[in-house]
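This report is written for a reader who is new to the structure shown below. Please keep the sequence and the model at hand while reading.

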Amino acid sequence: LGEFKAGTKRHNGTRRRRTMGVCAARMRHKDCKYVYLLMFVVSTIVSWVLRDYGENAMEGLSSMEHCLDNTTCLGKEAVLRISCGSAIFYCTLCVFSLGVREVGDPREIVNSGLWLFKVPLWLGLMVGFLFVPGDFSEVYFQIARVGGSIYLVMQAIILLDFVYDWNELWLERPSLSAALIALTVLLNAASLTGIGFMYYFFAPSSSCSLNIFFITFTLVLAIGYTVLSVTPWRVESAGLFTSSAIFAYSVYLTWSAIMSQPPGDSCNTLQRQEGETGWTTIAGFVITMLSVIVTTVRAGERSKTFAISVDESLDSDEDLPYRPDFFHLIFMLASMLVAMILTGWSESWTNQQFVVDESWVSTWMKISTLWLIDILYIWSMIAHHILGGREF
């Protein structure tokens with residue numbers, strides 16, 4: 001009788017798994033992120049294509065009557081509506097997978113299964129919002145501004161956590177000491193070279209006071225936190241490598257911020273002319289979009305960065321490799337960020353093929369992100385002294 005019950009249980013389990021596989025189209029949890037990444041890439045590409053080349057298709061929609069004979073309006077509407085559909089899709093998955101951490105949780109199927117339902121839902125939301133009448137996209141634009149800003153803040157925190165983890169990992173391995181020193185020197189050399197190039201290309205005269213301020217302040221902050229990282233005040237996991245990594249990223253953000261200034265500024269000798277689309281514009285477009293795509297999927301896996309306390313003793317083999325709710329939250333915010341990048345964060349944005357993130361709002365968003373990262377880095381090094389008795 002015991003053998004009969006055991007056999008029946010195995011048979012029922014096999015049948016249940018087979019049914020789940022057929023109805024839910026379930027896959028391994030680790031593989032799911034690549035499917036979501038592909039969906040994110042597709043929605044990003046479609047947004048760009050409709051923005052730059054979809055004028056004829058968009059003009060025929062009754063929901064776009066308020067944008068007739070206005071290419072910029074049509075492109076902006078396409079970007080915002082597709083972004084809205086994509087964001088709602090990831091928001092839905094985030095809500096239904098809240099708190100899921102273990103493989104055995106029944107709601108885990110929301111992330112790894114139900115593809116026969118999720119893919120049509122994803123497509124339906126993006127296409128459906130193109131037909132929604134009215135100018136609701138203006139409301140979503142303001143929501144996306146907030147969501148994109150939140151993404152940049154979370155990205156800054158994740159970057160700091162990654163740099164600290166990288167430094168600790170290499171310091172624990174004496175065989176990597178030479179590589180760590182070499183990389184630190186290389187990053188500092190590249191950053192200082194970048195500072196020199198920016199002075200040359202972005203500040204050709206003393207009248208370019210804003211660009212000079214941006215570049216000089218980046219350098220001054222870098223000197224400050226580099227010195228702090230070798231003093232007894234700093235946290236043990238900080239050092240010259242962490243400072244060199246933050247310095248390199250700060251230089252990149254400064255460069256990107258100045259390049260985001262609208263055309264017509266004589267201080268930027270590398271800037272495209274009004275209406276011009278050269279290879280540098282296309283390269284900048286590709287680099288910007290790839291960086292968002294890569295950082296999004298990486299950020300979605302680092303939910304522990306935002307945990308108030310992490311008890312590694314509670315980890316088990318049944319834990320998922322990443323938290324689905326946090327993963328989908330990141331993708332929701334990234335969908336909003338893409339909309340902001342493609343529209344320059346500005347309500348007065350003017351469409352130009354392959355041009356992204358070009359406005360004074362974009363410039364100040366990047367500069368603000370840069371200063372936030374530097375402030376967070378400095379605070380992370382000294383917080384344990386100021387707030388004694390707490391762990392950081």
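Predicted model: local features only at pLDDT ≥ 70, side-chain atom pairs only at ≥ 80, totals over all residues.

Residues are numbered from 1 along each chain as its sequence is written, and side-chain values use heavy atoms, with hydrogens and water left out.

**Two helices**

Helices (H or I, at least four residues) are DSSP runs numbered from the N terminus, as are strands (E, at least two). Helix α7 spans residues 137-171 and helix α12 residues 324-342; their axes come within 7 Å and cross at roughly 120°. Axes are lines fitted to C-alpha atoms, for helices over the stretch in contact, and angles run from 0 to 180 degrees between N-to-C directions. The two helices are therefore oblique to each other; angles under 35 degrees count as roughly parallel, over 145 as roughly antiparallel, 65 to 115 as roughly perpendicular and the rest as oblique.

Contact means heavy atoms within 4.5 Å. On the α7 side, the residues making the contact include Tyr 140, Phe 141 and Ile 143, and on the α12 side they include Phe 326, Leu 329 and Ile 330.

**Ile 195**

Ile 195 is found in helix α8, residues 177-202. Is Ile 195 buried or exposed? With 5% relative accessibility, Ile 195 counts as buried. Buried means under 20% relative accessible area, exposed over 50%, and partly exposed in between (1.4 Å probe, protein chains only). Leaving aside neighbours within four places in sequence, Ile 195 is in contact with Ile 215, Thr 218, Leu 219, Phe 247 and Val 251. From Ile 195 to Ala 248 there are 53 residues in sequence, and 9.9 Å in space, C-alpha to C-alpha.

**Cysteines**

A disulfide is a pair of cysteine sulfur atoms within 2.5 Å. The structure holds one, joining Cys 208 to Cys 267 with an S to S distance of 2.1 Å. The torsion about this S-S bond is about -95°, so the disulfide is left-handed. Cys 208 lies in the loop between α8 and α9, and Cys 267 in the loop between α10 and α11, so the pair ties together parts 59 residues apart in sequence. Both Cys 208 and Cys 267 are buried.

| Residue | Relative accessibility | Class |
|---|---|---|
| Cys 32 | 0% | buried |
| Cys 91 | 31% | partly exposed |
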